[in-house]
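Please look over the model below.

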Amino acid sequence: TVPADTNISGGSTPQTVKIKIASLGAGVFTVSVPLSGDTITLTSVTRQLVTNPAGTIGALTIVFPVATGLVHGQRFGLCSTQIVTVLTLTAGAGTTIQASTKPSALAVPPTTGAGTCYEWAYNLADTTWYRVQ
């Protein structure tokens with residue numbers, strides 16, 4: 001957490017609160033080297049996950065964080081440097097992932113070699129991850 005002044009007047013000293021780092025759009029950057037069939041479970045402070053396998057992998061499961069500790073508007077990004085033939089995204093306990101926009105594979109465009117990236121934003125009101133990119 002980061003301490004911050006609320007600038008609320010009325011007291012003799014500033015009102016200080018602790019803000020979760022995810023509220024500021026920051027968090028942990030993780031590079032993973034998964035094998036086919038692996039499962040990667042995210043924590044509530046994961047901001048970006050890059051999978052960097054040695055080559056194409058057949059299957060990969062990503063488990064999103066549990067609801068505890070998530071904040072409204074929190075972002076999570078996923079990129080891969082290699083093809084993932086079957087991608088399974090699983091919602092963490094107490095959350096859902098908007099079903100209509102869940103990718104089922106990760107591709108690497110042959111013309112650029114750039115990895116495929118997606119990003120989600122968390123809506124606290126309905127505990128749903130919405131794909132925004």
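Which hand does the disulfide of Cys79 and Cys117 have? The disulfide is right-handed, because the torsion about the S-S bond is about 120°. The pair links distant parts of the chain, 38 residues apart: Cys79 is in strand S7 (residues 75–80) and Cys117 in strand S10 (residues 116–123). Strands are DSSP runs of E, at least two residues, numbered from the N terminus.

This is a predicted model: local features need pLDDT of at least 70, side-chain atom pairs count only at pLDDT 80 or more, and totals for chains, interfaces and linings use all residues. Residues are numbered from 1 along each chain as its sequence is written, and side-chain values use heavy atoms, without hydrogens and water.

The structure holds 1 disulfide (cysteine sulfur atoms within 2.5 Å). The sulfur atoms of Cys79 and Cys117 are 2.0 Å apart.

The table gives relative accessibility. Buried means under 20%, exposed over 50%, partly exposed in between (1.4 Å probe, protein chains only).

| Residue | Relative accessibility | Class |
|---|---|---|
| Cys79 | 14% | buried |
| Cys117 | 33% | partly exposed |
| Val28 | 38% | partly exposed |
| Ala91 | 27% | partly exposed |

Val28 lies in strand S3 (residues 28–32).

Ala91 sits in the loop between strand S8 (84–90) and strand S9 (96–97). Beyond its neighbours within four places in sequence, Ala91 is in contact (heavy atoms within 4.5 Å) with Phe64, Thr96 and Ile97.

Definitions and conventions: Helices (H or I, at least four residues) and strands (E, at least two) are DSSP runs, numbered from the N terminus.
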